[in-house]
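This report describes how one protein chain is packed.

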Amino acid sequence: MERERSRKGVRWAEEGKVAMRRGKERGMRWDLLPLIALFVLLPLVVRMQLMDNLLKEHPWFPGDGQRGDFFLYWKSRFLQVLAVWMLLVLADRRLIRRKVSGGGKRFLPLAGYGLLAVLSTVFSVDRELSVYGMADQCETIGTLLCYPLAAYYGYCVVEDEKDVKIAVAALAAGGALQCLLGISQILGHSFWETAAGRALIIPEGIDAGQVIFNFAQEEMHSVYMALYNPNYAGVYIVLLLPVFIAFFFLAEKKIWKVFGAVFSALFLWCLIETGSKTGLGIVLLGGLAASFFAGTSLKKRLLCLGAAFCGVILVMTGYDFLTGHKVSRYFTEAFREREAAYLLENIRTEKEYVNIRFGGEELYFRLDDDGNVLLEDGKGERMEKKEPSEEGIYPANGTDDPMRFHAETRNGVPYLVTEYQGIAWYFTDRTEDGGYAYITPYGKADGITEAKSAFPAQWDSLFTYRGYIWGRTIPLLGKSLFWGSGPNTFAVVFPQNDYLTRAKLKEGFFREILTKPHNMYLQAALETGVASLLLLLAFWGRYLIESFRLYRKKEGRDGVGLTGLAIFAGTAGYLLAGITNDSIVAAAPIFWGMAGVGMAVNQLVQPKQTASRQISGIDKRKRRRKE
């Protein structure tokens, strides 16, 4: 046994010498530069770009010729440049330096995903949108193919512990820069709103004073960093926070420990101010899980868990009290089911009239030759008892909730207008077929339908109206089993003309343009196909299971293993956040790059863990013999 242990020690020493020699041969590790640029520079890319509005022909979308994009277009272009750089490095490693990276089989699901994404683009319902994208919709086929490449590249070029340290330092540098931007937004002096910031991101010829950042005035959504939206800033923080915590524990110098501790605290502050309920919930859940695994015995683990839970409750309660209970109000609003008493039950446009069912009563509206509103019953007879007036029509149940209507003329076109609970519905018979049609807020004729939902109506308002979006998205998946509708095409295939159901929920939601499913998994299933989602789940699942097995025991959490655990925690948090957030080029490339690095770290940790267990077993047997 002793001789076997000695031989293993010699072999590990030789392997260490080979690794050191390999590190010296690589000098400055140029292979890591694309990965460093991905982690540090890509999140910082912000620049206004005017893009053609490819949805302008649809009646539910504003008809502007161009729309400005600040946070996504140039990020996607920068990512594609990095992808070309990565391909050149990989070709050089394989063809010139003859370096063969093992473990390629684990990336076969991603190859299948890429193939299905290309197939979905070929058969896309809007190929131009899938290939070129538009403002706020920049996950084109070119961008999607970069994601698996980033993961594979991170896995290939991270070869030893020094590479891991460089990758983690890049993540920490990128996170620190984003954190500083977030702090400036919390303090009400966002860098993007300063003269220097506007000069950097707004091209010449555009009046910078006319540019308004919508989230600057939000009470619970003031932090968006350089990531387009507070929700995506929250997802980014979920990814990076474990890395800063690991940085604190791994740093040898005091100054770097202070760096890790300070930015961990600042990241938590930024997370709260993003208003991301998902991000905050994941961080709290992760903290409780970490406290449970901190102890050695079950009793100690339960004590640590209880102490952590009490600490979380005290901190959140104190913060809620100091901020005027805005956190508790915000969470209560998000998880409350709404069964609104909305008496406008149905709207149907016909050739001769507009049929409205209000409070259980069928009403028929039309305009006469003089442009006056006529209200009739189902037999075409005038309803004298409900003569049109400024007071409106009151429901039969006697509640004080009237529906008002009047005639209006715009640009020579007569409109029949119905108003209920703050929403005005415009109808006209000046259409191509001569029948009545609903006119959207953007002046375009459209029909009104009731979309099929997978959930009960009471769930529509859950998770800030995500229940409504998910319920109408799931029935669409039947047409996307093998390939999807195409990248960026959610808005085109989603039932946008389900106007009445959305009006029942909230006036602001009625006017919101739904271009994303707010669920990364539904997004992939619909746009690139259910089969592509299964391939992604197979790839992610293997990494998560492998990491859990490595880091659930103490042997896997020493040295570089702690870094692997932090990356595992961050990527797992991102996948959880994907339940209520979309994939977007502002944060997704960081996740994919981290996943690749995490897999490489696992390959470094696994042999050490096995050796540690073997040595531990030898020591235990020796102690038993002595006893």
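Leaving aside neighbours within four places in sequence, which residues is Thr-418 in contact with? In this predicted model, Thr-418 is in contact with Ile-356, Met-403, Arg-404, Phe-405, Ile-423, Ala-424, Trp-425 and Phe-427. Thr-418 is found in strand β8, which covers residues 413-420. Its relative accessibility is 1%, so Thr-418 counts as buried, the cut-off for buried being under 20%.

**The chain as a whole**

The protein has 627 residues, and 49% of them are buried. It contains 21 helices and 11 strands. Among contacts between residues at least 6 apart in sequence, 68% join residues at least 24 apart. The protein exposes about 30,500 Å², of which carbon and sulfur atoms supply 59%.

**Nonpolar cores**

The largest nonpolar core holds 120 residues, and the members that touch the most others are Phe-39, Leu-240 and Trp-592. Helix α9 (residues 230-250) gives this core its largest share, 12 residues. Apart from this core lies another, of 34 residues, which includes Leu-54, Val-354, Phe-358 and Phe-365.

What does Phe-39 touch, not counting residues up to four places away in sequence? Its partners are Ala-167, Ala-170, Leu-171 and Gly-174, together with Ile-590, Gly-593, Met-594 and Val-597. Phe-39 is also one of the buried residues of helix α2, along with Pro-34, Leu-35, Ala-37, Leu-38 and Val-40. Helix α2 (residues 33-40) is mostly covered, with 6 of its 8 residues buried.

On the α18 side, the contact is made by Met-520, Tyr-521, Ala-524 and Ala-525. On the α19 side, the residues are Val-530, Ser-532, Leu-533, Leu-536, Leu-537 and Trp-540. By class, the residues of this contact are 9 nonpolar and 1 polar, with no charged residue.

The residues of the contact of α4 with α6 divide into 8 nonpolar and 2 polar, and none is charged.

**Backbone at two loop residues**

Which phi does Asn-488 have? Asn-488 has a positive phi of about 70°, although it is not a glycine. Its place is in the loop between α14 (462-473) and α15 (490-493). Is Asn-488 buried or exposed? At 2% relative accessibility, Asn-488 counts as buried.

His-518 is not a glycine either, and its phi is positive, at about 55°. His-518 is found in the loop between α17 (507-511) and α18.

Technical notes. Residues numbered from 1 in each chain as written. Predicted model: local features only at pLDDT ≥ 70, side-chain atom pairs only at ≥ 80, totals over all residues. Heavy atoms only, no water. Core = buried A, V, L, I, M, F, W, Y, C linked by side-chain atoms within 4.5 Å. Buried < 20%, exposed > 50% of the residue type's maximum accessible area, 1.4 Å probe, protein only. Helix = DSSP H or I, 4+ residues; strand = E, 2+ residues; numbered from the N terminus. Contact = heavy atoms within 4.5 Å. Nonpolar A, V, L, I, M, F, W, Y, C, P; charged D, E, K, R; others polar. Areas by Shrake-Rupley, 256 points an atom, 1.4 Å probe, with all protein chains shown as cover.
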